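Let's take a friendly walk through this structure together. Have the sequence and the 3D view ready, and follow along.

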Amino acid sequence: MSYEDILYLPRPVSRRYAPMAMIDRAAQFAPFAALTGHEAMLEETARLTDRPMELTESAVAELNQALQCLSEGMTVLVTVFIPDERKAGGAYVERSGIIRKVDSYGQSLIFTDGTDVPFQYLAKLEIVG
């Protein structure tokens, strides 16, 4: 096909619409976020979590003994596993506080600030005072 008959014709100009401003023309070709949320997903996937460690029999016995000695008003330092809400695993956190209640029925320690620590997530328990 030969386009010589139309090759040198002037560019058609619309009688109905005004010519578009150069800034508006450029905006048509501006980059756009084709994969919205992709960057956040990559960051979440790259975030590391710990697995809950399996306690030895002696560590379990030590925890049980410490739990038997606890009473209201004692200050303790606990290492507790906090499960991650978004992916498998979690993180170990140290917390200290004053015991409000040892809930043997609900299997948890309740601190005066309202923090509830389930026994199943306890890794270490030290009585400070």
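A salt bridge is a side-chain nitrogen of Lys or Arg within 4 Å of a carboxyl oxygen of Asp or Glu. Keep that cut-off in mind, and remember that you are looking at a predicted model.

Start at D103, which lies in strand β2, residues 90-103. This residue is buried, yet D103 has no salt bridge. What does the side chain of D103 reach instead? At 2.9 Å you will find the backbone nitrogen of G106. Leaving aside residues up to four places away in sequence, D103 also touches S108, I110 and F119.

Now step over to G106 itself, in the loop between β2 and β3. G106 counts as partly exposed because its relative accessibility is 41%.

Next, find helix α4, residues 57-69. Its 13 residues reach 19 Å from the first C-alpha to the last, close to the 18 Å expected. Which residues of α4 are buried? They are L63, A66 and L67. These three cover an arc of only 100° around the axis, so they sit on the same side of α4. In an α-helix there are 3.6 residues a turn, so residues three or four places apart point the same way. What covers the buried residues of α4 includes strands β3 (108-111) and β5 (122-127). Turn to the other side of α4, and there E57, S58, E62, Q65 and Q68 are exposed.

Methods: Residues are numbered from 1 along each chain as its sequence is written. This is a predicted model: local features need pLDDT of at least 70, side-chain atom pairs count only at pLDDT 80 or more; totals for chains, interfaces and linings use all residues. Side-chain values use heavy atoms; hydrogens and water are left out. Helices (H or I, at least four residues) and strands (E, at least two) are DSSP runs, numbered from the N terminus. The expected span of a helix is 1.5 Å times one less than its number of residues. Buried means under 20% relative accessible area, exposed over 50%, partly exposed in between (1.4 Å probe, protein chains only). The arc is that of the directions from the helix axis to the C-beta atoms. Contact means heavy atoms within 4.5 Å. Lys and Arg count as positive and Asp and Glu as negative; His and the chain ends are not counted. A polar contact is a pair of N or O atoms within 3.5 Å; within protein, one must be able to donate a hydrogen and the other to accept it, and residues adjacent in sequence count only if both atoms are side-chain atoms.
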